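Dear colleague,

My notes on it follow below.

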Amino acid sequence: MTLLVGILMMLVAAAFVAAPFFRDAGDLTLNGVTSRDQLQHQKQEAYAAIKEAEFDHRMGKLSDADFAMLREKYTARAVAAMAALEAQNAQQRQASVGKPPASVAFCPTCGRRVPPRANFCPACGSSLKGVGMKNGKQKVTYRPV
Ligand SMILES: [Zn+2]
């Protein structure tokens with residue numbers, strides 16, 4: 001019985017030691033930087049909040065001014081999370097390929113640079129939906145860097 005317990009404890013200890021090697025590298029927090037999971041979560045929460053605000057606005061529960069304020073706030077949050085994610089992606093690409101990204105997106109309204117696949121422009125807040133969709137309107141123009 002004691003031997004069995006000893007073997008079990010050794011197995012638990014071995015699993016504990018080996019666990020980090022089996023984890024997805026993307027989950028790891030590097031140098032205290034916010035983890036990708038946290039950033040994804042922050043982005044999704046911000047999108048959900050924007051959708052909710054849009055809904056409330058349509059229902060007449062939010063004034064134009066309140067809606068604009070909320071949308072700006074959550075757009076900034078989503079954009080910050082996306083920028084951080086993109087920075088991490090870029091770092092990983094740089095590390096693995098050693099080349100910068102092939103293209104950059106620009107806002108059709110104000111012409112500012114926007115994060116790839118962004119739904120809203122961080123500068124003017126206009127919607128960039130439909131970006132990269134084959135049958136949708138391509139609102140954002142991609143140019144070589
Ligand atoms: Zn813009």
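R71 counts as partly exposed because it has 19 C-beta neighbours inside 10 Å, and a residue is called buried only at 20 or more. Please keep in mind that this is a predicted model. R71 is found in helix α3. Leaving out residues up to four places away in sequence, R71 touches I50, A53 and G125. The C-alpha atom of R71 is also separated by 8.9 Å from that of K51, which lies 20 residues away along the chain.

Helix α2 has 23 residues, and its first and last C-alpha atoms are 33 Å apart, close to the 33 Å expected at 1.5 Å a residue. After α2 comes G60, which has a positive phi, near 85°.

Next, the core. The largest nonpolar core has 16 residues, and the members that touch the most others in it are A78, V114, A118 and L128. Helices α2 (36–58) and α3 (64–96) each supply at least two residues of this core. The biggest share is that of α3, which gives five residues. As a general point, nonpolar side chains in soluble globular proteins tend to be buried together.

Which residues is A118 in contact with, leaving aside neighbours within four places in sequence? They are V79, M82 and L128. L128 is itself one of the core members with the most contacts to other members, as is A118.

Regards

How values were computed: Residues numbered from 1 in each chain as written. Predicted model: local features only at pLDDT ≥ 70, side-chain atom pairs only at ≥ 80, totals over all residues. Core = buried A, V, L, I, M, F, W, Y, C linked by C-beta atoms within 7 Å. Buried ≥ 20, exposed ≤ 12 C-beta atoms within 10 Å, placed from the backbone. Helix = DSSP H or I, 4+ residues; strand = E, 2+ residues; numbered from the N terminus. Contact = placed C-beta atoms within 7 Å. Expected span 1.5 Å × (residues − 1).
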